[in-house]
Amino acid sequence: MPVFELWPVLSDRDLEFSTEGTIDPLGLTIIGESLGVKLVPGVRERQSHPRFLTAIAAALEVCRDFPAEELAKDRVSPPWMVFEWYLVEGLVRSAGSEALRGVPGITKAQTALRDGLPLSASRYLKTPSIFGFHGVYRLLARTLEVESAERLGAFGAELLEVWSEEQGLTGFFGSGGGPGREWRDKLRAAVQDGLEAGTTNRTGGWTGWQFFWDHLHPQKFGRNERRVMRDALLRDSVGTRGEILDLLVSDKGRKRWQDEGSERSMHQFFMQKGSARLVPLLRAIDHYERFGRTILNAFEAIRHELTNAGTRTKPAALAENAHVITAAKSCRALFEAASVALDPVGEATRFQHSFHALASTTSPGEWVQNLLDHHRTTQKNKPPSGKNAWIDTFGDSSVLIRPAYQLADCEAESLEAYVNPYRTQALWSFAQDLNLV
Amino acid sequence: MPDEKNDCLLDAWMPPEGCGEPLGCVATTFTFSAAFFEEHCLGRLLGIQSDPTTEAPAYVVEREERLAQLSCAAVIVDQHFAKGARNLRWDLLSSRPGRGIQHAKVSLLAWTKAIRVIIASANLTPDGYRRNHEIFTVFDFNEESEAPRECLRETIDFLQSVIADTCASTPASARASEFLKNLRPKLAAWSSPQSSKTRDQPRATMVFSGPGRSSVPKQLGQSWPAGSPPENACVLSPFFDPDETQQPAIELWALMRQRGGTSNMEYAVIAEEDSKGTFLIHAPGSLATAGPNDRCVTTFTQLKLEEGRPLHAKSIQLSNGTSILQCIGSSNFTSAGLGLGSTKNIEANVAFVLTPASTGVAYRRLEAIWPETESIPESKKLRFEAMDAAMEDEPALDQVPLPAFFVAANFQKQPDGSSAVEIVTAQNPPAQWSLALEDGSIVATDHDWERASRPATWLIAWTRSLPPSGFNVAWGDKGAVAWLPVNLRSAGDIPPPEALRDLPLEVLLELLTSARPLYQVLGNWLTRQPGTSYGPVPVELDPHRRVDTSEFLLQRTRRVSRALAGLRARLERPMSSLAGLAWIVEGPVGVVALWRAINAETKHNEEKAFLLAELAMELGRVQPSTARGCLSANEVRQELLRVIGGLETEVKPLLGGLNKGMASYAKVAFTEAQR
């Protein structure tokens, strides 16, 4: 029950409402991401080292006996997160001058170590369940069945068995004894103490720190472990991950990627060789990206124009920009072609619903207004409660770019360049770790 | 305010402790969201417990039931924004001032034992109430509160004048006026408060502006304590005049010290540093040069606002070493907002004043009610680009007001039970007009009106199941469209929601005999109904329950008796309005509904006569209770006698065909009931 007194009050925010939305001003990511998921199930752009799957399997085994609801003293960190702190801190402690790449949270661990403080929720990543290695690789772990219902999955068990044997850690997995069993107990005790302390809870002399470097280094696969991992990645009954990985590591594929580094070029190559399942997906990506690049280039050109103008500008003045004219003239045909290509992969309806207004005119004056409206709507519809537009519109219909979104230099990307990434970089990194290239 | 308190505006719509039953509200706003107001503001005022998203049926029933208990719920909205689909149990009054706009944001909420006034910068929209940086104040009045009664009297006067001067004369506006008028005796009956801590609290003065009223600066000058003039002024406003003259700044400077030391005017503004290190100031540069002489110094400070929360608060703070005045409310720092010049908006503000007699604690507290700011280094270049008031606080260019020809639309029940919408018109019809529903379907056109001989009051028969919230009025050949809200002629004219009409006798008996709140029981029942969107019918697994005993005479008679007792209990609660009484008598779970269901479902005249006589007897036994601001016992009794008379008329023709004992019982019962 509220109590009010005879004073004025400045209002508080009632719910989480919109903040700045600094990426994807035209809403091109959603369909791009969906196409990427269909193309390479389980793999995300942020992933680079598949050996983190082994670390996830090891964490599941170490933490298997903790109750499902167990949390650390901080009331937010589950046992697997405490294991993750130990692993990342262990890699940093053992790395010395050796560089570590592609380890999520490495900078946080380095800072904590420099300050002489143990790693904890407050000193680790802001959203560790998404940006820590468990978060980054969780989808792939589930797709490959490393993890299943928060327990070790079928492939996880196979992987751990091969790994423990190869690492001389018999007993780490399962109920048998051996040096692995001792390590597992040691790590479990460390996690237990970490849960109670709400931080990693071992001194610098603990031998466990080196364990992570010796046995779970993200780039140092054992031979057999590498083989089972490669086989698992090549198995893909749902999408085309295996087919793409095969084509990527083929002689021609490898050369093409190293020479050109362009996903469109790679996709053209895959299209020549690809299966009946792969080709329609690649065709859909091709048309969707042509449409997306065209409107994004026009939007960037508008930002640049408004930055140079430095004051309120009428949309009519923006209609004279060459990119805007190109986009206005070509957008309808690109929209129609993309609609047809996206239909077989189930994305046509969403595409048409999102972008139809941009195909309704070829007049640059009207088109630029539609594009600005589309941007505003896209920002407004972003979860949870909408984001601010980058470009303010005034009552007389003039527009002004907000300082944070000014674009002083604008070198337009080629109309061939993709807007969205489609995992080739991630798969290439996988292939390197797996000695496939 | 205590530190741990969260100052959300919607909390101001929550009932204060010990306030009694809700009686109603009248609120004003410029922009408006009908859905937000209905669900969040009215929902809190009424104390609605069910959740519209997860308990839709229960919410609908509870909302209907509770809204029916209010004597008035009305929102006065500037004509450009007076629109939106809504429940007709609350009124939407379009404010159509001759010049300027209705920009005040005042909410007056009344309960049987308390009245609350909210003066705010926030419109009744989700952005205003949940997102923007706004400023507001709440005055709670009751028998003992120390809130200044004069502020309440002036607020009532102000609201009544807004209704009288800018809203069409309709049954809905009359309801709002009557509601406000009835608050005065309540206020007069409260004893004068004895303030215990005047030195710790500011003196509050209402600052209403608009046509026929003094300007805000003039009123602030009158509220400023005698003695030295202000030396410092701080202005917080999202919008300013776009022109070079800056009359608001000139007027404010005129209030300030003109001789002796310097005077300072600080504008707390939105400022953004661009990539070249220049500060973009969202205010016109002409403010900087509006001071009358060199001793008048103007500075701009950068507001440190929370990310994603636009500024919409408006405030002027005047001070010198010993006194401080802070004015908050709806007035932007524009000529129209401050009541300067020929176009004056209708605005509502409050000035809080601390004098040399006030304590230092109070002084510091009032001074602190200001958003955090940061000074802009003098070395920085400034570029001025004011936000256009048209963005939020003025109608957009494409918003045209409804032609004066369309005065009002009233939904009403006809004597024959059918429904109609009454369109009240004035002189000078526009060319080629039409009235359409939100789905675009045309309801009437100028040709229809011509064929009906151009009536000043035109009745359009309404055969659709739902009454309309309003009409999109289109006219001329330029695509002009504006909204004409529909209000009820009287509270009893609205049909209950379709799902609640003609409930079967068994359901009524279940509802009236349950100890749980009506909305819960009815909501659950609706959820079980096939063919509704509320959910599936659960299969009864208990074999004993699967035997339908609903038509077993003895069981039914027992259930009816229990139901009648439940009905009597509802009628014995204090009734805040005739509409509330009408809901219990004629609503979907009321006396008449039970009467109709008995008529429809009893197969023998003996049973029918017996049950209707029992119903009459129960109504006769009702002992109405009352409270201040509620209907008198006599008013309730008169209504019940009317119903008893109707029941007797229904039963009389049956008496001749009944067995002697039953006929005699019925006669005695009606005599008893009317005693």
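**Notebook: cavities and a strand of chain B**

I looked up the second largest cavity, and I found its lining to consist of B:L236, B:S237, B:K314, B:S315, B:I316, B:C327, B:I328, B:G329, B:S331, B:N332, B:F333 and B:N349. I note that this is a predicted model, in which local features need pLDDT of at least 70 and side-chain atom pairs count only at pLDDT 80 or more, while totals for chains, interfaces and linings use all residues. Residues are numbered from 1 along each chain as its sequence is written, chains are lettered from A in the order in which they are written, and side-chain values use heavy atoms, with hydrogens and water left out.

A cavity here is a set of points on a 1 Å grid over the protein atoms alone where a 1.4 Å probe fits but cannot get out, and its lining residues have an atom within 4 Å of a point. A volume is the space filled by probe spheres set on the points, which are joined across faces, edges and corners.

For the second largest cavity I noted a volume of about 60 Å³. Strands are DSSP runs of E with at least two residues, numbered from the N terminus. I sorted this lining into five nonpolar, six polar and one charged, where Ala, Val, Leu, Ile, Met, Phe, Trp, Tyr, Cys and Pro count as nonpolar, Asp, Glu, Lys and Arg as charged, and the others, Gly among them, as polar.

I next turned to the largest cavity, which holds about 140 Å³ of space. Its lining has 17 residues, and B:S94, B:A168, B:V407, B:A408 and B:N487 lie nearest its centre. I recorded that β3 (91–95), β18 (406–413) and β24 (480–488) of chain B each supply at least two residues of this lining, which divides into eleven nonpolar, five polar and one charged.

Two strands pair if DSSP finds at least two bridges between them. I saw that β18(B) runs antiparallel to β19 (residues 419–425) of chain B, with seven bridges, and that B:Q412 stands opposite B:A420. These two strands form a hairpin with five residues between them, and B:G417 in the turn has a positive phi of about 90°. With β24(B), by contrast, β18(B) runs parallel through three bridges, and there B:N410 stands opposite B:N487.

Conventions
On a 1 Å grid over the protein atoms alone, a cavity is a set of points where a 1.4 Å probe fits but cannot get out, and a pocket is an open set with protein on both sides within 12 Å along at least five of seven lines; lining residues have an atom within 4 Å of a point. Helices (H or I, at least four residues) and strands (E, at least two) are DSSP runs, numbered from the N terminus.
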